[in-house]
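Please read it alongside the model.

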Amino acid sequence: LLKAFSDAQPEWGLSELAQTTGLNKTTAFRLLAALEAEGLVMRNPLSGGYRLGVELVALGGTAMRSNPLRAVSRPVIESLAQECDEAATLEVLVGANSLIVDEVPSRHLMGMSQDVGSRLPAHATATGKLLLAYAPEPMLEAALRFPLAQLTGRTLTDRDRLRSELEQIRGQGYAVADGELEPSLVAIAAPVYDRERQVTAAVSIGGSALRLPPERRPALIALVQMAARQISRQLGYWPG
């Protein structure tokens, strides 16, 4: 029930929420009443619809503070953002989306800015493509079953072409998205490994194509890869 709420659908009526979640109306009402009693959902007094409750804000804060990945990554992405003079993010793969776990925003007025907790279509982002490239085949297959939305003229929507790029990303160890999520937005991502030598997250920087022209990207790629290696080592990863 809680996961049915989103930025696109922040409020639900009982009947439509029950239908969306596959629950009968009586069961949905009973569960929502329990959630409401704990402050996890709240009722809109005007419409009678359900919204997420303020107790989830406290739970979300606790989850972020207790997340070891976020804790060890924060100083590194702060340093990366300062060194590159662009926004830096830490993201993980959730289904067909990349989920922003942490972000250091850009100081630029026209810089990249996404809220922590935002989900972005993986096929159109540097972090998403990188995480798809290193995902186990069943996870990749599941992600590619979703429609690949055409967000800009440069978004890859052909699955064969996307798979070819994912193979290239694995070979080079980084990913670039140039105008694929938004026009004139460039992002560069590198993989974060855990102690089991599995890619568990991605680090990225992103900003305007005017500030990230092709001739500047090799140096930025090196910085992003270095930051990803620093985080990986703190998570117990050693190559070999």
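Which side chains meet in a salt bridge at 2.7 Å, N to O?

1. The model is a predicted one. In it, the side chains of R211 and E86 form the salt bridge in question, with an N to O distance of 2.7 Å. R211 is located in the loop between strand 8 (199-208) and helix 8, and E86 in the loop between helix 4 and strand 3 (87-94); the pair thus links distant parts of the chain, 125 residues apart. E86 counts as buried because its relative accessible area is 2%, under the 20% limit.

2. The count of salt bridges comes to 11. One of them joins D102 to R70, whose closest N and O atoms are 3.3 Å apart. This pair, too, links distant parts of the chain, with D102 in strand 4 (residues 97-104) and R70 in helix 4 (residues 68-84), 32 residues apart. D102 is buried at a relative accessible area of 2%.

3. A further salt bridge is formed by the side chains of E165 and K129, at 2.5 Å from N to O. Since E165 belongs to helix 7 and K129 to helix 5, the pair ties together parts that are 36 residues apart in sequence. Both E165 and K129 are buried.

4. Aromatic pairs number 2 in the whole structure. Y134 and Y193 are arranged edge-to-face, at 6.3 Å centre to centre and with 75° between the planes. Y134 lies in helix 5 and Y193 in strand 7 (residues 185-193), so this pair connects parts that are 59 residues apart in sequence. The rings of Y193 and Y237 are stacked, because their planes are at 15° and their centres 4.7 Å apart. Within it, Y134 is partly exposed at 22% relative accessible area, whereas Y237 is buried at 15%.

5. In helix 6 (residues 137-144), the buried residues are L140, A143 and L144. They lie on the same side of helix 6 because they cover an arc of only 95° around the axis. These buried residues pack against helix 5 (126-134) and helix 7 (159-172).

6. T155 sits in the loop between helix 6 and helix 7 and counts as buried at 6% relative accessibility. A polar atom of the T155 side chain lies 2.6 Å from the backbone oxygen of E180. Apart from neighbours within four places in sequence, T155 is in contact with H123, A124, A149, Q150 and E180.

How values were computed. Residues are numbered from 1 along each chain as its sequence is written. This is a predicted model: local features need pLDDT of at least 70, side-chain atom pairs count only at pLDDT 80 or more; totals for chains, interfaces and linings use all residues. Side-chain values use heavy atoms; hydrogens and water are left out. Buried means under 20% relative accessible area, exposed over 50%, partly exposed in between (1.4 Å probe, protein chains only). Helices (H or I, at least four residues) and strands (E, at least two) are DSSP runs, numbered from the N terminus. The arc is that of the directions from the helix axis to the C-beta atoms. Contact means heavy atoms within 4.5 Å. A polar contact is a pair of N or O atoms within 3.5 Å; within protein, one must be able to donate a hydrogen and the other to accept it, and residues adjacent in sequence count only if both atoms are side-chain atoms. Rings of Phe, Tyr and Trp (its six-membered ring) pair if their centres lie within 6.5 Å; planes under 30 degrees apart count as stacked, over 60 as edge-to-face and the rest as tilted. A salt bridge is a side-chain nitrogen of Lys or Arg within 4 Å of a carboxyl oxygen of Asp or Glu.
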